Structure formats: C-alpha cells, structure tokens
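The following exercises are to be worked with the sequence and the structure at hand. Each task is followed by a solution in steps.

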Amino acid sequence: MPLVSVCIATYNGEQFIKDQLDSILCQLSGNDEVIVSDNGSTDNTRSIVLSYGDPRIKLVLNKTTNPIRNQPTIYRVTRNFENALRNASGDIIFLSDQDDLWERTKVLEVLALFETKQVNLVIHDAILINVEQQIIGDSYFKILHSGSGLLKNVIKNSYLGCCMAFDKNALQSSLPFPQNLIAHDIWIGLIAEKIGNVLFTDKKLIRYRRHESTVTTSGEKSKHGILFKISYRLQFLVHYFSRIILITATRNKSIFHH
C-alpha cells in the first residue's frame, strides 16, 4: 500500500478543522501523514491541531511573503499549500481544505484508481454543502463541466485542489511554484497532464463546504476585471511552457546519460 500524505492549508479555521481532521484521520494508516501548514492563524486552529497528539499530524508554519497587492488572500493560500507540499514525503499526496468533509471511502477509492488506471493525478467530483452541512449542489463537475485540457482550463479552471490527489512525479514536476502563481491547483493539474495521465472520476468523495468565510471562489463568478484575467492567464502560460521545456530538457538529459 502506498504511503499517503494529506496536505492541508489552514488560516483561522477553528470552526471546521476538527470535523475535517476527524473525517481524514480515520482513513489513514499508522504510517501515513497529515501536513498542516498554518498561515498565522489568530484563533484556536493550531491549538486544535496540536490537541490531537497524533504522531501522524505534522504542523508547520508558513513564513512566505506576499508580493501581489491586488490579490493577497488567494496568493497566501497557494504559498501555504506549497509550504505543506514541500514537507510531504508520501507516495500519493492528497490536497485538503480546512473546512470540507471527506467521505469515509475516499482514500481507499482514490488509491484503487491509482493502482488500476496507472495515472499521475486523480480528481474526483464533490457534493456542495453549506455551514449546516445541507446539500446545496449535487455535483461540482456539473457546475464547471469539468475535464482535462490546457485551453479549457486556462479559460475556466476545473481543477479543484481539495478533490485532487497526485503522485511524487507530479509533485516534483510542479515544485517550486512560480513566484506570482495564484492558482496552485490548475498548475499541478496541467503539469500532471503534460508529464503523464490525469483521471477525472464522477465519484463524489468529499462534501465541499461553501460559506461566507471561504477564501476560494471556485465555481463562483470571478470578481476580477478583464485586464487582470488576461494578464494572469498570459503570465500563467509563460510559466507553464517554461516549466514544460525545463522538464523535457531534464528528461532528455537523463535519457542521454543512461
């Protein structure tokens, strides 16, 4: 059985973090790990995490800075996830938000897909819930017509980090993130598409919680202006193709030396 790393980015998540950790830990083996990267919470988030006294949980602090003025919050989320990912040692890495709930069979079902489908990344569907855990949407995939493809996802990203798991190869190819990258999930997803195989599955394996304190706006109408959207996508593509060229060159060099 491959070792699992679950990477969670936290910030003032005391309201939901215990429920989320409870839904995750019951699915992991004694050799798996949960990397919680905290971005300077001022509430009881870190105390709750530490109260478990579970050796599988590793709490690390995110000390990266934020150079982007017009989008500081989501940028900090991406840097926070990068900090968690840099500390992950598992064979398969799961991303997790601090306020969702995992279905009880998520880990087993995702690991089975890695084994049977021979893929580098799995992304599954999600049921949307509100603060009271009432269902407000039966499929995240339906909202965005989720699927693979560079053009499709650059226009409207359907890679949702909290529904993603990937192998070490995808992780190593994705790190480090470009300095001005805002969306870590589309970056990892499209890198994984290029280096190997990605599987979109209709299995609904988390309850994706939407509430007024949610940092991300996945599935909702963007508040950014048209100039920002164009500029960001162009920057993303420049970084993306630069990374692909680097990955290809490294592979060719490795093949040549062998």
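The structure is a predicted model. To begin with aspartate 125, a polar atom of its side chain lies 2.9 Å from the backbone nitrogen of phenylalanine 141.

**Exercise 1. The setting of aspartate 125**

Task: Determine where aspartate 125 lies, which residues are in contact with it, and which side chain of opposite charge is nearest to it.

Solution: 
- Step 1. Aspartate 125 belongs to strand E6, which spans residues 121-129.
- Step 2. Beyond its neighbours within four places in sequence, aspartate 125 is in contact with Ser139, Tyr140, Phe141, Cys163, Thr201, Asp202, Lys203, Lys204, Leu205 and Ile206.
- Step 3. The nearest side chain of opposite charge is that of lysine 204, 4.8 Å away. A salt bridge requires a side-chain nitrogen of Lys or Arg within 4 Å of a carboxyl oxygen of Asp or Glu.
- Step 4. Aspartate 125 is thus a buried residue with no salt bridge. Its side chain does have a polar atom 2.9 Å from the backbone nitrogen of phenylalanine 141.

**Exercise 2. Salt bridges**

Task: State how many salt bridges the count gives, and describe the pairs formed by aspartate 54, lysine 168 and aspartate 138.

Solution: 
- Step 1. The count comes to 10 salt bridges.
- Step 2. Aspartate 54 is paired with arginine 56, and their closest N and O atoms are 2.8 Å apart. Both aspartate 54 and arginine 56 are buried.
- Step 3. Lysine 168 and aspartate 91 form a salt bridge at 4.0 Å, N to O. Because lysine 168 lies in helix H7 (residues 168-174) and aspartate 91 in the loop between helix H3 (72-86) and strand E4 (92-96), the pair ties together parts that are 77 residues apart in sequence.
- Step 4. Lysine 168 is partly exposed, at 36% relative accessibility; aspartate 91 is partly exposed as well, with a relative accessible area of 31%.
- Step 5. Aspartate 138 and lysine 142 meet in a salt bridge of 3.5 Å, N to O. Aspartate 138 is partly exposed at 43% relative accessibility, whereas lysine 142 is exposed, with a relative accessible area of 54%.

**Exercise 3. The aromatic cluster**

Task: Find how many aromatic pairs the whole structure holds, and classify the pair of phenylalanine 236 and tyrosine 240 and the pair of tyrosine 240 and phenylalanine 241.

Solution: 
- Step 1. A search of the whole structure gives 9 aromatic pairs.
- Step 2. Phenylalanine 236 and tyrosine 240 have ring centres 6.3 Å apart and planes at 10°, so this pair is stacked. The cut-off applied is that planes under 30 degrees apart count as stacked.
- Step 3. Phenylalanine 236 and tyrosine 240 both lie in helix H9 (residues 226-257); because they are 4 residues apart, about one helical turn separates them.
- Step 4. Phenylalanine 236 and tyrosine 240 are both buried, the latter at 5% relative accessibility.
- Step 5. Tyrosine 240 also pairs with phenylalanine 241: the distance is 5.3 Å centre to centre, the angle between the planes is 70°, and the pair is edge-to-face. Phenylalanine 241 is partly exposed, with a relative accessible area of 44%.
- Step 6. Ring pairs link Trp187, Phe228, Tyr232, Phe236, Tyr240 and Phe241 into a cluster.

**Exercise 4. Cysteines**

Task: Give the number of disulfides, and identify the cysteine sulfur nearest to that of cysteine 162.

Solution: 
- Step 1. The structure holds 0 disulfides.
- Step 2. For cysteine 162, the nearest cysteine sulfur is that of cysteine 163, at 4.3 Å, and cysteine 162 is in no disulfide. The cut-off for a disulfide is a pair of cysteine sulfur atoms within 2.5 Å.
- Step 3. Cysteine 162 is buried, with a relative accessible area of 3%. Cysteine 7 also counts as buried, at 0% relative accessibility.

Technical notes. Residues numbered from 1 in each chain as written. Predicted model: local features only at pLDDT ≥ 70, side-chain atom pairs only at ≥ 80, totals over all residues. Heavy atoms only, no water. Helix = DSSP H or I, 4+ residues; strand = E, 2+ residues; numbered from the N terminus. Buried < 20%, exposed > 50% of the residue type's maximum accessible area, 1.4 Å probe, protein only. Lys, Arg positive; Asp, Glu negative; His and termini not counted. Polar contact = N/O pair within 3.5 Å; in protein donor to acceptor, adjacent residues only side chain to side chain. Contact = heavy atoms within 4.5 Å. Phe/Tyr/Trp six-rings, centres within 6.5 Å; stacked < 30°, edge-to-face > 60°.
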